[in-house]
Amino acid sequence: MRDYDVVVIGAGAAGLMAAATSARNGNRTVILEKMEKPARKVRITGKGRCNITNTRSLEEFRQKIKVNADFVMPSLISFSNEDTVKFFESEVVKLNFERGGRVFPASGKAWDVADALVNFARKNGAEIKTYSRVNKLKINDNKISGVEVVNKNGKKSILTAANVILATGGASYPSTGSTGDGYTLAHGAGHNIIDIRPSLTPLVIANKYKTLNGLLLKNISASLIIDGNKIWSEFGEMEFIDGTASGAAILKLSRNAVDAVSEGSDVSISLDLKPALSIEKLKGRIKRELEKLRSGGSLRIIIEKLLPRKMVNLFISECGFRPDIKPDLINETIIEGIVSKLKNWEIRIVDYCPFTHAIVTAVGVDTDEINPDTMQSKLVEGLYFAGEIIDVDADTGGYNLQIAFSTGKLAGELKK
C-alpha cells in the first residue's frame, strides 16, 4: 500500500488549495513544506495586507495576464474570483473591496488569509509536514511513484504516492522558501524550463536620480521606452526607494523592462508628471504664476508650486535652466522647456532588482507540456503543477494569487 494518494510539494497559496481539494475528495494527502511553517510568502504578500484577488470581469482579468492567458482560462473558469471571495467569506475572513477591483482581508492582515488556508487544508484531512524538502521525484515507466524527502537533520526517506502536485512557487522572495527547487524537480522529470527572471520587481535607476529616494508620486503616467520606442504605459503610483523606481505603475512595466535590460537595450521610463493637464493648460498655469511674481521671485518658486520640493533641484537641472532666473527673463522658450519636461521626464533604467525583491517569477515550466484542463503533466503520469512554477504571470493587483488559487484547486481535483 502506498504511503499517500497525493503528495503536494509546497505549502503556499496554490499548494494549500490543492491539498485541501484533494483531501476533501477522499485522497490521502500530505503537504511537504521545507520551511518551518506553511504559507510564509502569503503572510508577507501585499506588504502584509494580502491582495487575495481582483473582482474584474473574466475578460478584463484575462487582459491582465501577460503570458499564456489562454492556458490559465480553464482553471479561472473552474474556480473564479467570485469563488475565491465566497471561499474566504465561508472561512470567516471578512473582506474589503477597494478601488481597481482589489480585495483584501478587512483586518488588513495577510496572516488571516494564511491561517484560513492552513486551517482549510487541515480540516479537510490534509497532513502538513514542515522541514521536509523534496530532493527528488521518483518516476517509473513515466509514472510518478513517490518522492525522496530530506528532513532538517539531513536524513533521507522515501514517501510513495501515485500523484505529486508541484506547487513550490517560483524564485521570488527566497527567504520564504521560494528558491526555485520546483524547477529543478520539473526539469529532472523531463520538463522544459523557460529561462526564469524576476517580474513585478523594482527597476534600478541611474545614480543622478538617487536624490529622489523616499519620494512617492501619485497619479502619474509612466511609459516604458525601449531603444527610443514607447512600448507600454501605466497610470498610478511611483516610488523612489534606495536607488530604484518602484510603485504599482513601475512594477507593471517591469516585466518588459527586465527583458529589455537583459538583452542590452537602452531602457528608460518617461514620466508625465501632470497627466490631467494638457500642454496648453500647463503653459497657462505657469504664465499665471509668473504674473504673480512680477515684483520678485525666481524660476525655482514657480517649479515648487508644480512639483514636490524634493524634485525641484534635479528637475531644473534636467531642464538646463538656472533656478535663480527672474520672472521677467522667463520667456516662451523657457516655459515650453518646463512644460516639455513635466510631460516627458525620462529616467534612465540601468538594471533590475533580483528575485529577493520580485513579487513573482516570470516564465517557468513550459505550458505546452501541461494539460490546462487538469494541470497534469503531458510527460509524466501523476505529476501535476499549480501556481507560480508554471509559465504564467500577471499584473499586480490580486491577479497572481487568484491564478495560484485557481490552478491549485484544479490540480487538486485529480482522480485517484
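Strands (E, at least two residues) and helices (H or I, at least four) are DSSP runs numbered from the N terminus, and two strands pair if DSSP finds at least two bridges between them.

Strand 4 and strand 5 (residues 102-105) run antiparallel and are joined by 3 bridges. Asn96 stands opposite Phe104 in strand 5. Contact means heavy atoms within 4.5 Å. Axes are lines fitted to C-alpha atoms, for helices over the stretch in contact, and angles between N-to-C directions run from 0 to 180 degrees.

## Two hairpins on strand 13

Strand 12 (residues 216-226) and strand 13 (residues 229-241) run antiparallel and are joined by 9 bridges. Ile225 has Lys230 in strand 13 as its bridge partner. Their hairpin has 2 residues between the strands, and Asp227 takes a positive phi near 50 degrees.

Strand 13 also pairs with strand 14 (residues 244-246) in the antiparallel sense, over 3 bridges. Here Glu239 has Ser246 in strand 14 as its bridge partner. This hairpin has 2 residues between its strands, with Asp242 in the turn at a positive phi of about 45 degrees.

## Helix 4 against helix 13

The axes of helix 4 (residues 69-78) and helix 13 (residues 399-412) come within 8 Å and cross at roughly 80 degrees. The two helices are therefore roughly perpendicular, a class that covers 65 to 115 degrees. Helix 4 contributes Val72, Ser75, Leu76 and Ser78 to the contact, and helix 13 contributes Gln402, Ile403, Ser406, Thr407 and Leu410.

## Nonpolar cores

The largest nonpolar core has 81 residues, and Phe88, Leu137 and Val147 have the most contacts inside it. Such a core is a set of buried Ala, Val, Leu, Ile, Met, Phe, Trp, Tyr and Cys residues joined through side-chain atoms within 4.5 Å; buried means under 20% relative accessible area (1.4 Å probe, protein chains only). Leaving out residues up to four places away in sequence, Phe88 touches Ile52, Val93, Leu95, Val113, Ala116, Leu117 and Phe405. A second, separate core of 49 residues includes Ile205, Leu253, Ile325 and Ile349.

## Basis

Residues are numbered from 1 along each chain as its sequence is written, and side-chain values use heavy atoms, leaving out hydrogens and water. As the model is predicted, local features need pLDDT of at least 70 and side-chain atom pairs count only at pLDDT 80 or more, while totals for chains, interfaces and linings use all residues.

Notes: Angles under 35 degrees count as roughly parallel, over 145 as roughly antiparallel, 65 to 115 as roughly perpendicular and the rest as oblique. Buried means under 20% relative accessible area, exposed over 50%, partly exposed in between (1.4 Å probe, protein chains only).
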